[in-house]
Amino acid sequence: MNTATFGALAEPHRLGMVELLRDGPLSVGDIADRMALGQPQASKHLRVLSDAGLVESQPAANKRIYKLRPEPLQEMDKWLSVFRASWEARLDRLDALLAEMQGKSKRDE
């Protein structure tokens, strides 16, 4: 798991940018407008996201269009799946224990 991905997403503005880009590619200006940021500030955040491999940009006339790259997010999902499986197993055991306790409680009544 690339820790740069988590580092880039830890900052709220960058996480918001990733959420915006989930719906499709946007220009730096559009991102800045939607996030109520100045264009230089938005560009700095996009640079961090780009360095972490989360976004890529393409020139379009005098604009830069940014879009998400799925690979780092897929890698993160794969890494998280280990934890997800562990917690699901624990919750399944808890469900079974609660069902057993409820069954005993009803028999005792």
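In this predicted model, I31 touches M17, L20, L21, L26, L46 and Y66, leaving aside residues up to four places away in sequence. I31 also belongs to the largest nonpolar core, which has 20 residues. Within that core, I31 is one of the members that touch the most others, together with M17, L46, L49, L54 and Y66. At least two residues of this core come from each of the helices α1 (3–9), α2 (12–21), α3 (28–35) and α4 (39–51).

The strands form an open sheet of 3, in the order β1-β3-β2 and with antiparallel pairing. Because β1 (26–27) and β2 (55–60) each have a single partner strand, they stand at the edges, and one side of each is left without a neighbour in the sheet. Strands of a sheet pair through backbone hydrogen bonds, in either a parallel or an antiparallel manner. Here β1 joins strand β3 (residues 63–68) over 2 bridges in the antiparallel sense, and L26 has Y66 as its bridge partner in β3. Both L26 and Y66 are also among the residues touched by I31.

Helix α2 packs on this sheet and touches β1, β2 and β3, its direction making about 85 degrees with that of β3. The buried residues of α2 are R14, G16, M17, V18, L20 and L21. Their cover includes the helices α1, α3 and α4 as well as the strands β1, β2 and β3. At the start of α2, the backbone nitrogen of H13 has a side-chain oxygen of E11 within 2.6 Å.

Conventions. Residues are numbered from 1 along each chain as its sequence is written. This is a predicted model: local features need pLDDT of at least 70, side-chain atom pairs count only at pLDDT 80 or more; totals for chains, interfaces and linings use all residues. Side-chain values use heavy atoms; hydrogens and water are left out. A nonpolar core is a set of buried Ala, Val, Leu, Ile, Met, Phe, Trp, Tyr and Cys residues joined through side-chain atoms within 4.5 Å. Buried means under 20% relative accessible area, exposed over 50%, partly exposed in between (1.4 Å probe, protein chains only). Helices (H or I, at least four residues) and strands (E, at least two) are DSSP runs, numbered from the N terminus. Contact means heavy atoms within 4.5 Å. Two strands pair if DSSP finds at least two bridges between them. Axes are lines fitted to C-alpha atoms, for helices over the stretch in contact, and angles run from 0 to 180 degrees between N-to-C directions. A polar contact is a pair of N or O atoms within 3.5 Å; within protein, one must be able to donate a hydrogen and the other to accept it, and residues adjacent in sequence count only if both atoms are side-chain atoms.
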